[in-house]
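Please read each point with the coordinates open.

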Amino acid sequence: IYMLLAMFFFTGMSIFIRKSSEQLHIMEVIFLRNLLACIIIVPILGSSGLHNFKMREPKLFFFRAIVGSIGMIAGFIAFTLIPLAQATAISFTTPIFVTIGAALVLGEVIKLRRIIAIIIGFLGMLIIVQPGSDALSIGVSLAFISAAAHSVNGLLVKKMTAKESANAIVAWMVILIVPITIVPAILVWEWPGPETWIYLWLLAIFGTLGHLSFTRAFALAEITSLQPLEFIKLPMTALVAWLIFSELPGYWTWVGGIVIFSSTIYITQREAKLNRSTVSSTNILGPK
């Protein structure tokens with residue numbers, strides 16, 4: 001339920017990003033989104049005690065804020081440059097980047113079946129972007145950068161939920177991004193109009209509720225069981241984008257999205273089996 005709610009709120013976020021950026025520079029939108037989120041969430045958490053803000057491992061919070069800023073900037077700009085459904089389909093590559101990162105950074109061994117799944121995922125990417133056509137643009141590139149950043153972010157959230165409260169994880173994310181984005185926002189500053197303020201507040205509300213739901217879902221269930229629910233973002237976003245912006249996703253966006261999603265489902269299911277096997281072996285052998 002938390003994951004489905006997160007997908008609904010994130011879909012709404014993409015709409016309000018597009019609407020807010022019709023008047024304001026995207027860097028100002030990002031700054032105000034996080035500033036308004038602070039106004040929303042800090043008083044709520046503060047009223048129930050300062051323990052909601054406690055950081056047990058501060059380095060992880062700061063690192064997540066930096067990675068989150070990169071992912072947010074790239075993703076927000078992508079939403080303004082390419083169809084929302086296309087950006088959503090590209091976001092399904094996140095688990096693929098997680099697997100590649102685990103191999104390159106952590107030295108994890110990737111066996112043949114996962115290599116094949118990664119190759120299939122990349123074929124899905126090629127189907128969506130169609131190299132050599134007009135679809136390959138800076139917006140598409142930024143969408144991939146956002147997916148890579150969010151893959152790191154997802155791993156950090158899962159690691160942090162073991163010791164940190166979901167409220168602290170969400171609160172410190174927006175608090176730390178405000179000083180990161182304030183200077184770029186000032187350089188392009190323009191006072192929002194009344195209608196844009198409405199979109200900005202809705203963006204902040206939907207973003208806060210989305211990240212709270214997403215973080216609580218990660219705390220309650222394995223990533224593997226949650227991953228299939230992410231695919232609901234594609235038809236949800238496609239429907240809303242069609243109703244509001246008259247955007248119709250191309251045929252290849254659907255085909256590529258399904259191919260990518262199929263490969264990521266296999267990767268996450270495979271990870272779960274390997275983790276269960278490791279845990280079982282440890283339980284049988286006992287502590288060393």
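**Notes on the predicted model**

1. Start with Ile120, which sits in helix α6, residues 112-129. Bear in mind that this is a predicted model. Ile120 is partly exposed, at a relative accessible area of 38%. That value is over the 30% a residue needs to join a surface patch.

2. Ile120 belongs to a nonpolar surface patch of about 630 Å².

3. Three salt bridges turn up in a search of the whole structure. I take them in turn below.

4. Arg18 pairs with Glu247, with 2.8 Å between the closest N and O atoms. Are the two partners buried or exposed? Both Arg18 and Glu247 are buried.

5. Glu57 pairs with Lys163, and their closest N and O atoms are 3.4 Å apart. This pair also links distant parts of the chain, 106 residues apart. Glu57 is in the loop between α2 (26-47) and α3. Lys163 is in the loop between α7 (138-160) and α8. Glu57 has 28% relative accessibility, so it counts as partly exposed.

6. The remaining salt bridge joins Lys19 and Glu22, with the closest N and O atoms 3.7 Å apart. Why does Lys19 count as buried? Its relative accessible area is 19%, and the cut-off for buried is under 20%. Glu22 counts as exposed, because its relative accessibility is 53% and exposed means over 50%.

7. Helix α1 also holds Ile15. With a relative accessible area of 6%, Ile15 is buried. How far is Ile15 from Thr237 in sequence and in space? The two are 222 residues apart in sequence, yet 8.5 Å apart in space, C-alpha to C-alpha.

8. Ser246 deserves a look at its backbone. It is not a glycine, but has a positive phi of about 60°. Most residues other than glycine have a negative phi. Ser246 counts as exposed, at 59% relative accessibility, whereas Glu247 is buried.

9. The largest cavity holds about 50 Å³ of space.

10. Its lining consists of Arg33, Arg64, Met72, Val170, Met173, Val174 and His211. By class, four of these residues are nonpolar, one is polar and two are charged. Arg33 and Arg64 are the charged ones, because Arg counts as charged.

11. Which helices supply at least two lining residues each? They are α3 (58-81) and α8 (166-187). Helix α8 gives the most to the lining of the largest cavity, with three residues.

Technical notes
Residues numbered from 1 in each chain as written. Predicted model: local features only at pLDDT ≥ 70, side-chain atom pairs only at ≥ 80, totals over all residues. Heavy atoms only, no water. 1 Å grid on protein atoms, 1.4 Å probe; cavity = no way out; pocket = protein on both sides within 12 Å on 5 of 7 lines; lining within 4 Å. Points joined across faces, edges and corners; volume = space filled by probe spheres on them. Helix = DSSP H or I, 4+ residues; strand = E, 2+ residues; numbered from the N terminus. Salt bridge = Lys/Arg side-chain N within 4 Å of Asp/Glu carboxyl O. Buried < 20%, exposed > 50% of the residue type's maximum accessible area, 1.4 Å probe, protein only. Patch = residues over 30% accessible without salt bridge, like charges linked within 9 Å, V, L, I, M, F, W, Y side chains within 5 Å. Areas by Shrake-Rupley, 256 points an atom, 1.4 Å probe, with all protein chains shown as cover.
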